[in-house]
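Please consult the sequence and the model while reading.

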Amino acid sequence: MSFLLEVRRLRVLAEFAARGTVAATAEALHLTGPAVSQQLAALERETGLTLLERQGRTLRLTEAGRRLVDHAAVVLGTLAAAESDVAALRRGERVRVRIAAFPSVARAVLPGLWPGPDGPADPEAPLVELVEHEPDRAEAALARREVDLAVTHSYSLLPRPLPAGCERRDLFREPVYLVLHAAEADERALAAGAPADLAAFADAAWLLPGPDTACHEMARRACGAAGFVPRAVAVASDFAVLCALAARRAGVALIPRLALPEAVPPGLRVHALKDPVHRCVHAVYRAGTGGHPGTRRVLTRLAAVVPPSE
């Protein structure tokens, strides 16, 4: 038996998966709650499957519903890209690609997507729009279709699962360094250029990234693997703050290469780790959209501007 699926109903299902409630879905789609429920019920009749089930007072996707959401992501992503391209062609404009990226890569890598003040303009290059988000928020924006690409990261000690309905391209990986004042290193007999054994810093004061970041958990896991819990004397989400504090000998910090300031403050030393930790950077996009003209060109360009891997 064959059947046709209504794209508008697939859109309602996808929005429900992203928003989590009928009320939030209705608000996002400018519909009423009953209209959303009617569309979801109609989709269940079309497929002959139970797509949603109640758990207490909460409505949840079934396994069939989650699988259909994955297919809907591909269909809706392709349709959205086609609509965007057609609209741009009608207006004589270039395709736009919206990107969410975490701060250090937004500073050190993403500017390479622009030609620069003296570079030649490419009339066929997509127009890039950038918003700065940590990985969790970037992936949430991708799920809500607020962006087309999410540049995220994971750590060798802290893998990051691929969001449902998405694909990922690995861009590069970078080392995590121990950053500390030279006097602190000398007192601990850590020679310049020598790899640092974190176990030797169990009694040190630690400067940790903000608790709402994966970098915070990375630091805790790295110290845990070395056999201790770090004693935090400062917590800040801006790595520049951690470097400034380390330059005052307030403590030691674990910092990925790209998050180091372009000019390392005087007196600071940067050491590779005896047991290396790496940060892996990825481009995440909705399944089926990696071949769209604008997204494909941005991914190709990203591969050209990323720093070399270690």
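Helices (H or I, at least four residues) and strands (E, at least two) are DSSP runs, numbered from the N terminus. This is a predicted model, in which local features need pLDDT of at least 70, side-chain atom pairs count only at pLDDT 80 or more, and totals for chains, interfaces and linings use all residues. Residues are numbered from 1 along each chain as its sequence is written, and side-chain values use heavy atoms, with hydrogens and water left out.

Q: Where does His 30 lie?
A: His 30 has a phi near 60°, a positive value in a residue other than glycine. The place of His 30 is the loop between α2 and α3.

Q: Are α2 and α3 roughly parallel or roughly perpendicular to each other?
A: Helix α2 covers residues 22-29 and helix α3 residues 33-47; their axes are 8 Å apart and the packing angle is about 100°. Axes are lines fitted to C-alpha atoms, for helices over the stretch in contact, and angles run from 0 to 180 degrees between N-to-C directions. Angles under 35 degrees count as roughly parallel, over 145 as roughly antiparallel, 65 to 115 as roughly perpendicular and the rest as oblique. The two helices, α2 and α3, are therefore roughly perpendicular.

Q: Which residues of α3 make the contact with α2?
A: Contact means heavy atoms within 4.5 Å. On the side of α2, the contact is made by Val 22, Thr 25 and Ala 26. On the side of α3, the residues are Gly 33, Val 36 and Ser 37.

Q: Is Arg 249 buried, partly exposed or exposed?
A: Arg 249 is found in the loop between α9 (239-247) and β9 (253-256). Although Arg 249 is not a glycine, its phi is positive, at about 60°. With a relative accessible area of 33%, Arg 249 is partly exposed.

Q: What is the relative accessible area of Thr 152?
A: Thr 152 belongs to strand β5 (residues 149-155). Leaving aside neighbours within four places in sequence, its contacts include Phe 102, Pro 135, Arg 160 and Cys 280. Thr 152 is buried, and its relative accessible area is 1%.

Q: How many disulfides are there?
A: A disulfide is a pair of cysteine sulfur atoms within 2.5 Å. The sulfur of Cys 215 is 13 Å from the closest cysteine sulfur, in Cys 280, which is too far for a bond. By this rule the number of disulfides is zero.

Technical notes. Buried < 20%, exposed > 50% of the residue type's maximum accessible area, 1.4 Å probe, protein only.
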